[in-house]
Structures are given as structure tokens and as C-alpha cells.
Amino acid sequence: MRSAAIVFDKPGALAVRRLALNAPDTADVVVASHFSGVSSGTEKMLYEGTMPAFPGMRYPLVPGYETVGTVVEAGATSGRSVGDQVFVPGANCYADAAGLFGASASMLVVPGARTIKTHFEREEEAALLALAATAHHAVCRSSRAASLVIGHGVLGRLIARIILATGNPPPTVWETRNVRRGGAQGYTVTAPEADRDLRHDVIIDASGDAGVIDQAIARLNRGGGLVLAGFYGERVHFAFPAAFMKEASIAIAAEFTPADVQAVLKLVDQGRLSLHGLITHFAAPADAASAYRAAFNDPDCLKMIIDWRNAA
């Protein structure tokens, strides 16, 4: 079995190639991918070669951890059935490329237990599930609700939406780029220098920019907390005296958990959380090179989706 896949042959080199897939066993499913999201954080670092080393990381590699598709084969012990809509948060099923994170391909072989059964009416929105679960994990990283979110990309928007969906007051969101200040749903987006609210108990950084840490600490109340929800490829540092005087807590929100996924699915099912309006761009696999450039560099592109449905 072979699959069309996005391949990073080396830093800066992207291709779409047909790769041999490992044979499925009884615990596996074969998924026909429909939509894959492009991560402007981790995938950009993989593409640029700035990603810190992970176990099993090597080039060539297949990126991607945001794929939704349909089960076309289901092993006897996979726990899935043919026809199920599933979210795939990654795959390692290639004979001649590393799967890091491995889900940006037209066909995937993956353990059924690794997939998440979904039933989104707008199927492409299921590709946002990992980001939404990451946002939920960041929101829950503190025992108090955040009143300031830094960054109004997709992650920042989801964090703000989840703060509201979980019954908390609307946060303020900082965004330095004017083009990204639109699209707020029930909360306020402003430039940092225009924010008159000088103190916050909890701040969540969704920008991934380590340079904002000192600015965020300056806005904390004494005993306040800063949650780092981005992924920081560079060294993270901050001025100690300001953090010392605030007796600030700095927390890292790592990968989402299965509980975060189920919490997000419940909020969506209850109509308390919408994933609508976050996907701005679609591209065919043949246009992957330009699509990835847009996802990484175009501020108008909130979320790029690769549409695999007509891939050969």
C-alpha cells in the first residue's frame, strides 16, 4: 500500500511523494485522509530545521498531527468500524520516512486506539481538535481563569473562546498585528500599548514569542501566574527582579491529554464552543509548497488546510 504524503526531505525542502506504508495489523485502522491542518508553530520549526531534537526525529520526515478522515479498513481489535469519521493526531506508518508527526498524507495506517472518533458536520473543523485540546489544557493549567491572552492566532482565539465557554469572564487579548485583531467573539482584542488594564491574576501567552515574557510579568498582580502555551524554539529567559517582586508563578502547558479532547468535544456538542471561522485557507496537495509558505508567513492565514479528498 502506498500513500501521497507531504515530505520534508531536509530543512527547507518540501515535496509531495508517494510513500510505502507499513502493513496494518489487527489493532490498526487504515484511514483515508480528508483534511490536514498545517501547524504554523511546530511544523514551521521542522521545516526550518530549528526544532529541538526529539527521539526518532530525522529527515526525511512526514509532518502533521491534525488530520481527519474516514476509516476504510478496520482491524478486528482496532475498536473502530469502516465508515467512522476519525481524528488522527499523528502516525508512524512509513517504510522510508520518519513519522514526525506523520499525519499529512492521503492514507494512514494507525492503531485504532490512537484515533479519536468524531462526528463534525463541517468535517474540516475536526482538524482543529488538537489545537482546541491544547487550548483547553492551557486554560486548565491554572486554578484561576486568565484575564489576559497574548496572541490572536488560532490558539489564542481558541483559548479565549474556551475561557468563555467554561463560564469565566471574557479576557482581553493582545495582538500586535492589526490584520489579526478582527474576529473576536465576546472578548476584546487590542494592541498591548493600548491596554489600560494594568494588572492580571493569570496571563496565558499563546504567541510563542519568548520576548513577551517580561512584558507579561510586568502586568501580573502579586502572586499571579503566567502560563506559557506556545512552543518556544529559542531559550526562554526573563528578568528575575520583576518576577521576584511579584512572587510570580510561571507554568508550562505541554501536550494535551485525552481528558482535554473529551472536554472539548463535550463543549462543542453542548453548543458552548464553536470552531467556526478559524480556517481561512485550503490547498490541494499539489500546491503544498505555496500553501506551507502561506501558513508560515501570511498573517491573513489563520489556518491552512490541505484537502486530500482528490489526491491520487
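I looked up C140 and found it partly exposed, with a relative accessible area of 46%. My cut-offs, with a 1.4 Å probe and protein chains only: buried is under 20% relative accessible area, exposed is over 50%, and partly exposed is in between. This is a predicted model, where I ask pLDDT of at least 70 for local features and 80 or more for side-chain atom pairs, while totals for chains, interfaces and linings use all residues. Residues are numbered from 1 along each chain as its sequence is written, and side-chain values use heavy atoms, with hydrogens and water left out.

**Cysteines**

I turned to C93. Its relative accessibility is 1%, so I logged C93 as buried. How many disulfides does the structure hold? I found zero. For a disulfide I wanted a pair of cysteine sulfur atoms within 2.5 Å.

**Salt bridges**

Side chains of opposite charge can pair when their charged atoms come close. The structure holds eight of them. I went through some of these pairs.

R17 bridges to D9, with 2.6 Å between the closest N and O atoms. I noted R17 as partly exposed at 31% relative accessible area. D9 is also partly exposed, at 30% relative accessibility.

Next I checked E125 and R122. Their closest N and O atoms are 2.7 Å apart, and they form a salt bridge. Is E125 buried or exposed? It is buried, because its relative accessible area is 9%. R122 has 40% relative accessibility and is partly exposed.

Then I took E175 and R177. Their side chains form a salt bridge at 3.4 Å, N to O. E175 is buried, at 4% relative accessibility. R177 is partly exposed, at 41%.

**P299**

Where does P299 lie? I placed P299 in the loop between α7 (288-297) and β17 (304-307). Helices (H or I, at least four residues) and strands (E, at least two) are DSSP runs, numbered from the N terminus.

Which residues does P299 contact, leaving aside neighbours within four places in sequence? I listed R177, V179 and R180. Contact here means heavy atoms within 4.5 Å.

Conventions. Salt bridge = Lys/Arg side-chain N within 4 Å of Asp/Glu carboxyl O.
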